[in-house]
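Here are my notes from a look through this model, as promised. Keep the viewer open while you read.

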Amino acid sequence: MVPSPSIPNVQGSQHKRVTVHNSHGEELVGVLHETNSLELVIICHGFRSSKDRIPMVNLAASFEKEGISAFRFDFAGNGESEGSFQYGNYRREADDLRAIVEHFHQEERFIVAIVGHSKGGNAVLLYASRYNNVQTVINISGRFNLESGIEGRLGRDFKEKIKQDGFIDVRNRKGRVEYRVTEESLMDRLTTDTRGACQSIPNSCRVLTIHSSMDETVPVEDAMEFAKNVPNHKLQIIEGADHEFTLHQDELASVVVAFVKASLCGYYMAIPSQSCKRTSGYIHSRF
């Protein structure tokens with residue numbers, strides 16, 4: 001049942017460090033942008049990133065300004081969270097997200113949307129394909145074809161090399177090892193069925209894919225594939241932006257927040273004797 005909308009107090013907003021244990025007993029660390037709203041948006045970072053990189057921080061701040069609480073966190077093995085970094089971990093990260101959602105459900109928060117950037121976009125889509133308890137999903141610069149983009153990091157002969165040695169060490173320009181890719185973690189990526197997951201998302205779940213036209217990390221063609229395979233889907237291309245929307249943060253935030261607020265309004269319009277209106281930038285109920 002959709003709860004009645006709460007009236008936020010932005011002047012009393014604050015940032016709280018919150019820890020949640022995943023199903024493997026690892027501590028996941030996040031920051032809650034608390035506005036005292038019942039509604040909450042969860043924001044997921046990408047590959048070898050963290051809750052503290054753009055656009056995660058800027059998106060959380062944008063929701064906070066609109067009076068909607070937001071939570072950005074580190075997946076296991078990233079940022080401040082416990083666990084070891086793994087190259088694949090697509091299913092594990094969807095499970096981490098489930099732990100976060102369940103934690104806030106226990107605190108009687110209404111998870112109005114889950115938002116993921118880059119690999120985090122894959123996590124929120126995988127989550128939506130498995131669990132039917134979040135009705136708004138935003139995929140920012142996610143990768144549809146998980147077989148692409150590997151050679152750039154691991155080399156053209158990565159399959160032969162990892163078969164021979166069991167792992168590949170990825171080094172930076174100074175020759176220092178940044179992370180190790182095991183055969184198991186590589187296969188986790190290669191066996192993740194993005195198409196099947198997208199097609200399994202129920203029609204009741206609204207999905208927005210946002211991609212940049214100048215993305216050199218994940219080609220914009222991947223966004224087109226999401227549009228073809230997700231049942232209830234909207235596609236938004238931001239012209240001239242890079243993978244992290246470095247110079248287009250305001251435009252990105254505007255699109256994301258507008259989509260979430262439209263969904264939120266739709267939820268409350270479905271409640272008898274309530275309607276949705278915008279007052280001072282917030283969503284309020286009217287009886």
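1. Start at Ile114. Bear in mind that this is a predicted model. Leaving out residues up to four places away in sequence, Ile114 touches Ile42, Leu97, Val124, Tyr127, Val134, Thr136, Val137 and Ile138.

2. As background, nonpolar side chains in soluble globular proteins tend to be buried together.

3. Is Asp74 buried or exposed? Asp74 counts as buried because its relative accessibility is 0%, and the cut-off for buried is under 20%. You'll find Asp74 in the loop between E4 and H2.

4. What surrounds Asp74? Setting aside neighbours within four places in sequence, Asp74 is in contact with Leu28, Val29, His45, Ser50, Lys51, Gly79, Glu80 and Ser81. For Glu80, the backbone nitrogen lies 2.8 Å from a polar atom of the Asp74 side chain.

5. Last stop, the hairpin. E7 (residues 167-171) and E8 (residues 177-182) pair antiparallel over 5 bridges, with Phe167 standing opposite Thr182 in E8. There are 5 residues between the two strands, and Gly175 in the turn has a positive phi of about 85°.

Notes:
Residues are numbered from 1 along each chain as its sequence is written. This is a predicted model: local features need pLDDT of at least 70, side-chain atom pairs count only at pLDDT 80 or more; totals for chains, interfaces and linings use all residues. Side-chain values use heavy atoms; hydrogens and water are left out. Contact means heavy atoms within 4.5 Å. Helices (H or I, at least four residues) and strands (E, at least two) are DSSP runs, numbered from the N terminus. Buried means under 20% relative accessible area, exposed over 50%, partly exposed in between (1.4 Å probe, protein chains only). A polar contact is a pair of N or O atoms within 3.5 Å; within protein, one must be able to donate a hydrogen and the other to accept it, and residues adjacent in sequence count only if both atoms are side-chain atoms. Two strands pair if DSSP finds at least two bridges between them.
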